[in-house]
Amino acid sequence: MAGSQVAWGLDVGITSLKAIKLRRDGDRVAVEAFDVIEHDKFLSEPDLDKDEVIRRTLQKFLERNPLKRDTVYVGVPGATTFARFVKLPPVQPNRIPEIVRFEAIQQIPFPLDQVNWDYQTFQAPDSPDVEVGIFAMKKDLVAQVMGNFQANQMTISGVQMSPLAVYNAVIYDGLTEDKGTVILDIGAEHTDLIVADQGRLWIRTINIGGNNFTDALAKSFKQPFVRAEQLKRSAATSKYAKQIFQAMRPVFADLVAEIQRSIGHYNSSHRDSRLERILGMGNPFKLPNLQKYLQQELKLDVVRLEGFKRANTDGRLAAGLSENVLSLTTAYGLALQGLELAAIDTSLLPVEIARQMVWRKKRIWFAGAAAAVLIGTASLGVRAWWDDAAWTEAETARRANNGRVQQALTLTNALKRQTVTFDSDRAAVDSYMKLAGHRKVWPQVLGDIHGSLPQHDAKKIAADPTRLIALQSISSEYSDQLSRVVFSGTSTGGANTREEAAPVAGPSDKGFAIVISGYTPNQSGLDLLREYKNQLEQRANEKLTMQATDKQIVPAKPYYIGDNSLKFKFMPFGGSKDSAGGSGPRGIWGMGQRGPFWSVFVPDMQGVVPMTVLPGTLDMRPVEAEQPVDAMFELPLKQKPPRLLIGSYMFEMSFKIYVR
């Protein structure tokens, strides 16, 4: 460790890996690099292989930051470790290790052969009392942590508790300002409370963290965890910051209660304590009002970490470091310990693992020294023998490489064979996928077409039974340039693709040109059709408001009717009149059963309510006996139809539906 000039500090958290690289130049320290890499998944998710996720993150880190032979210190969460502080009786300095071991046996709730442990002594400048901090972690947990680094061939120089690394960072930068300071480092699942007071150290881990705030938002706004996390991170700039704070207020209250309990316990065991301020760090301190809330409730000055005072930072790194400084304190303290600048230099790295890593790190130097000796002393004959031996030793590797080459050739040939049929198979798959392309659109389109009919208004249809529209056909034509489709205007409906200078009607120019054909017996057919048109447009283009968070107005349907695209054409007997204003003579729909209206109306009436006309009158009555269809509508050739049928219309309605 002596003479270390470059060191990395790695802090593996629940949501991400935080790393910082420091270079020491005399008494000066400079930040050479830093990195924050989000995990593929939160380590707090249930049934998750956490080690596999961490190893993938470490692989990304190594790809972006080659370590070479840099010193590396890693942190372990305070929640997985033990920290006990006891006052030592007055003894000779040479007896302190013996007394500390006795205290460790008493304080650590596991046999010493099952833990890795270390200690540090503390003494106030003006006090003869010596206090010792005993720090421990179970060996199986340390081995699990180290396994992830060993799997990536990383050489680790030391393992330190995260709260101790934070303490080292604060002391090195002089952030306590010689005042009794409570340091709060709020992580994802836990909060480390560290007391730095008159040369003493005291630690407690509180089981409240950033995830508790996220859970509160998820429950309050009825949002999934990921969406709630986004709300929390954007709370400072959100126009709903007040509502977000109110949702998290119970968690703030619980955190304050735990902090008060911890400070009270420390004061009770240290009667001369002088705690004057709180130093906050961790990403939750970006939340609006948290700093102010803690200051009001705890009656202490609360300041937030703004930067590393004694570390020089290159201008290209300054902005990014300032943005992430709240989450990099642990990594900063670990790197300082790697440079031998830490106030506490304990380590929980097992001795056997430390020896293995040191040996792995030094093997290259042993190999280089051996090679130098051989080069200096070997003769040409020895060199020839050496080359022959190397060739023989490489035979296994050559065979393996030849096997891989042959396997690659086999796979290449198989790929060529598959490529021949790939295009035809892909075309078939694409055609099958298109069949279900609009399966969510059409049920709603048809529902709106039928739900907009005037007969769905029970009160109005009861007052006027003729307020109904019968639909005979609905035809559609798909186009990916719907704004250029022009309706033909023929009696059969349909659309053609003649171009016209029309802009795209919305974010999509794909959709359907639809033509509806039908008829209505209402005397005010034009007004009724206009009412139907307006109702259809209103239903198709309706929107809804998101009630959960920011109340955005969003479309309710996966489609919309383009502006000025819905038109209709109705055709009374003897002429026509459309929505554009064209007109023709108005009349009645045919005489007897030979008019165009009867050719439609008679088939629709079959099997519904058979009616007949009383001889010599215009009155109609239900048919009491089974009669042929022709007998139901017999009228004298020169006699007018019933009044009920005067003013009936056939129509065509055309419009465009744009798919979102």
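**Figure 1. Lys21 and Glu32 form a salt bridge, with 3.6 Å between the closest N and O atoms.** A salt bridge here is a side-chain nitrogen of Lys or Arg within 4 Å of a carboxyl oxygen of Asp or Glu. The model is a predicted one, in which local features need pLDDT of at least 70 and side-chain atom pairs count only at pLDDT 80 or more, while totals for chains, interfaces and linings use all residues. Residues are numbered from 1 along each chain as its sequence is written, and side-chain values use heavy atoms, with hydrogens and water left out. Lys21 belongs to strand β2 (residues 16-25) and Glu32 to strand β3 (residues 28-38), so the pair ties together parts eleven residues apart in sequence. Helices (H or I, at least four residues) and strands (E, at least two) are DSSP runs, numbered from the N terminus. Lys21 has a relative accessible area of 16% and is therefore buried, whereas Glu32, at 27%, is partly exposed. The classes are buried under 20% relative accessible area, exposed over 50% and partly exposed in between (1.4 Å probe, protein chains only). Lys21 and Glu32 also belong to a network of salt bridges that includes Arg23 and Asp70.

**Figure 2. Arg95 and Glu98 form a salt bridge.** The closest N and O atoms of Arg95 and Glu98 are 3.8 Å apart. Arg95 is partly exposed, with a relative accessible area of 38%. Glu98 is exposed, with a relative accessible area of 52%. Over the whole structure, the search finds 20 salt bridges.

**Figure 3. Lys232 and Glu229 form a salt bridge within helix α6.** The closest N and O atoms of this pair are 3.4 Å apart. Lys232 and Glu229 are three residues apart in α6 (residues 225-233), so about one helical turn separates them.

**Figure 4. Six strands make up an open sheet with mixed pairing.** The strand order is β8-β4-β1-β2-β3-β14. At the edges lie β8 (158-161) and β14 (311-313), each of which pairs on one side only. From one strand to the next, the twist averages 30 degrees (axes are lines fitted to C-alpha atoms, for helices over the stretch in contact; angles run from 0 to 180 degrees between N-to-C directions). Strand β4 (residues 71-76) pairs with β8 in the parallel sense over four bridges; two strands count as paired if DSSP finds at least two bridges between them. Opposite Tyr73 stands Gly158 in β8. The chain as a whole has 18 helices and 26 strands.

**Figure 5. Leu10, Ile20 and Leu201 touch the most other members of the largest nonpolar core.** This core has 102 residues, and α7 gives the most to it, with eleven residues. Apart from it lies another core of 20 residues, among them Ala540, Ile561, Met653 and Val659. A nonpolar core is a set of buried Ala, Val, Leu, Ile, Met, Phe, Trp, Tyr and Cys residues joined through side-chain atoms within 4.5 Å. Not counting residues up to four places away in sequence, the contacts of Ile20 include Ala7, Trp8, Val31, Phe34, Phe308, Leu321 and Tyr332. A contact requires heavy atoms within 4.5 Å. In soluble globular proteins, nonpolar side chains tend to be buried together.

**Figure 6. Phe245 lies in helix α7 (residues 241-269).** Phe245 counts as buried because its relative accessibility is 10%. Leaving out residues up to four places away in sequence, Phe245 touches Phe252, Pro288, Asn289 and Tyr293. The C-alpha atoms of Phe245 and Ala235 are separated by 8.2 Å, with the two residues ten apart along the chain.

**Figure 7. Asn168 is found in helix α4 (residues 162-172).** At 1% relative accessibility, Asn168 counts as buried. Asn168 touches Gly333, Leu336, Gln337, Ala342, Ala343 and Ile344, residues up to four places away in sequence not being counted. For the chain of 660 residues, 42% count as buried. Of the contacts in the chain with a separation of 6 or more, 67% are between residues 24 or more positions apart.
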